[in-house]
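Work through the exercises below with the sequence and the model side by side, and try each task before you read its solution.

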Amino acid sequence: MSETLLSARNLAFELYEVLDAESLTQRPRFAEHTRETFDAALNTARTIAEKYFAPHNRKGDEQEPRYENGEAVLIPEVKPAVDAFLEAGFLNASRDFEAGGMQLPTLLSQACFAHFQAANAGTTAYPFLTMGAANLIESFGTDEQKRLFLQPMIEGRFFGTMALTEPHAGSSLADIRTRAEPTGDGSYRLRGNKIFISGGDHPLSENIVHMVLAKLPDAPAGVKGISLFIVPKYLVNADGSLGPRNDVLLAGLFHKMGWRGTTSTALNFGDNGQCVGYLVGKPHQGLACMFQMMNEARIGVGMGAVMLGYAGYLYSLEYARQRPQGRLPDNKDPATAAVPIISHTDVKRMLLTQKAYVEGAFDLGLYAARLFDDSQSGETEAHRQQAHELLDLLTPIVKSWPSEFCLKANELAIQILGGHGYTREYPVEQYYRDNRLNPIHEGTHGIQSLDLLGRKLAQNGGAGLKQLVRLIAGTCERASGYPNLDHLRMPLEQLQVRLQSVTLSLLGDLAQGQVSIALANSALYLKAFGHCVIGWRWLEQAIHAEQGLARGIPADHDFYQGKLQTARYFLTWEVPGCHNELALLEARDDTCLSMRDGWF
C-alpha cells in the first residue's frame, strides 16, 4: 500500500494553502522556523511512525496488556517506539527551546502527531496523556510541583494520566466519592477508586503521575466541590529521586473491543490509608483546572478519530484500485476482463463519502490547532481573545463530529473490502474497533451536544457564535467569485440561515427556563451544527482548489479536481439532509423526551 498513514500532498495543501502555516514564522515565537524546518519535523514524524509505531499495531491488538503480579505487562515493541518518539523531541514539540522543546506552532505539532495516531493509536496514547498532564501541572502547579513532577515529565522519565471516572458515577463527575484528607504537612491522603484510566499502569517510565479528581472534607456538593491532586505511583524525594511506592494499587485491566494496546485500568487509591497526594490549584477548583486537559484531550480524540478514519480510507482506496471484480453494467460479455472495483459507481460513492468525512474532519482538526496558535501568539489581545472564543465554541464539534463520521468512514472501508474487510487478516476491521471508542471517551455525543447547545453557544454573549457566522458568510462571499462553486455555496448558505433561526429560537427557550424541551434533541443539533461547520471547511478547501487549478500545474490537476468533487459530494449530498434534523428541532419534537421506561 502506497500511503498508509495520511496523504503527504493533502497535508501540504492544508498547511501551506488552506491554513497558511508559513505566516506563523512571522511571529516572534516562531521566527527561527521556516517551511523547511516544518517539513523536516513532518518527515521525521512520518519516518518514526512508519518504522517504530506501525509495525506493531496489529501485534498490540492481538497481544493486549496483561495483569501479572499487580503490574501491567506490554509487548516489548512499545517501549522502543515511545523512546524513539521521545528522543526525536515530539513530546515537547510545542514547548520553548529553553525548556528543551522544538518551539513549533501547535498546528505543526498536531500535524506531526497525526502520523503517530494513524500508525498506532494504542501506543500513541501514552505520550499523548503525558503531554496533557504535563501542561496541566505547568498551568496550575506550584514551583515545587513543577520541579518534582513536571520537569521529569518533560524529560520523558515520568508519564502522566487523568483519573476522573468512578465505578458508580461514570460521566457524572458531580457524584464522585474519592476523598482527600489534609495531613497538616501540605500533603493529603486520598481514598477512592477510579476506572477506565488509560495508561494507569505500564513499564514505560520511571514513574506515573496521576492527575486525580477528589473532594475535600469541607467540599460543597456537586462539581463545585471537586479538587485536583497530583498522585504519583512512586513518591518523589525532595532531591528529585524516587522514594517508596505510593498507596496506589492496580486493581485490574479492562479488556476492550479496540484500542487494546493502551492499558485501561482500575486503580485503588488509599486501600492502606497511605495514598499521598498534592493539591493542584485552589481547593474546589479542580474541575476548572481539569477542563484544560479535558479540552486538549477532546481535540486530540477528534484528531485520533480522523486519523483512524484516514488510515482506513487510504487502505480501502488502494485495495479498490488493485482488486479486479465484475464488469460494468453496460458490458454483458463475460469473456472480457474484470475491472478494478474502483470502476463501480457504488464503490466510488463509498470512497467519496470516506474522503469527504476524513479530509473534512482533518481540515477542522488542523484549523482548531491553528486557532490555538492564534489564541496564544496572535498579534493583538483582541485577536487572541477571538481565537480563544471560537476554539471554545468549536471544541465539541472537533471532538464529536470526527468520532461519529470518521467511524462511519471505517465502516465503509470494511464494506469496500467485502468479506476480506470482515477478517482479521486485513487492518480495516481493527481501525473500526479502535475508532469505536472515540464516540465514548472524553465526553459522549450526548455530553458534547449538551455542552454546545446548553453552554457554548451563549458563552460571552454569543461571541464565538457571532464570529463563526461572520466567517462562514465571508467564505461564501469569496466563493461567489467562482461561478463553478455556486452550486456548492448555496446549500451551505441555506443551511446556515435555517440553523441560525433554530439556534436563536432554542436559546430563547433556554433563557425562559424551558430547559428540558430545548435540550431534548441536542444530539440532532450537534449533527446539523457539525455538518454546517464541515460544509464551511469544505467550501474553503474548494476555493483553494480553484486557485490551485488556476495556477495550471499539470501534476496537481487531479488532486484539485478531487477536492472539488469531494466538496461537491459533501455540500450537495450531505448538507441538505440536515434540514430533517432542523425540522424536528423547530417543532420541539418530544418523541424521545416523552417516552417512558415501561413502554420499552
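A residue counts as buried when its relative accessible area is under 20%, as exposed when that area is over 50%, and as partly exposed in between. The model used here is a predicted one.

**Exercise 1.** Decide whether phenylalanine 254 is buried, exposed or partly exposed, and then find which residue forms an aromatic pair with phenylalanine 254.

*Solution.* Step one: phenylalanine 254 has a relative accessible area of 29%, and because values between 20% and 50% fall in the middle class, phenylalanine 254 is partly exposed. Step two: the partner is phenylalanine 196, and the pair is tilted, with 4.6 Å from centre to centre and 45° between the planes. Step three: phenylalanine 196 belongs to strand β5, whereas phenylalanine 254 lies in the loop between β10 and β11, so the pair ties together parts 58 residues apart in sequence. Phenylalanine 196 is also partly exposed, at 48%.

**Exercise 2.** Describe the length, the bend and the surroundings of helix α10.

*Solution.* Step one: α10 covers residues 381-417, and its 37 residues reach 51 Å from the first C-alpha to the last, close to the expected 54 Å. Step two: at leucine 394 the helix α10 bends by about 45°, and proline 396 follows within four residues. Step three: 26 of the 37 residues of α10 are buried, so this helix is largely enclosed by the rest of the structure. Step four: after α10 comes glycine 418, which has a positive phi near 65°.

**Exercise 3.** Which ring does the charged end of arginine 35 sit over?

*Solution.* The charged end of arginine 35 lies over the ring of tyrosine 16, at 3.7 Å from the ring centre.

Notes. Residues numbered from 1 in each chain as written. Predicted model: local features only at pLDDT ≥ 70, side-chain atom pairs only at ≥ 80, totals over all residues. Heavy atoms only, no water. Helix = DSSP H or I, 4+ residues; strand = E, 2+ residues; numbered from the N terminus. Expected span 1.5 Å × (residues − 1). Bend = angle between axes of the 7 residues up to and from the residue. Buried < 20%, exposed > 50% of the residue type's maximum accessible area, 1.4 Å probe, protein only. Phe/Tyr/Trp six-rings, centres within 6.5 Å; stacked < 30°, edge-to-face > 60°. Lys NZ or Arg CZ within 6 Å of the ring centre and 35° of its normal.
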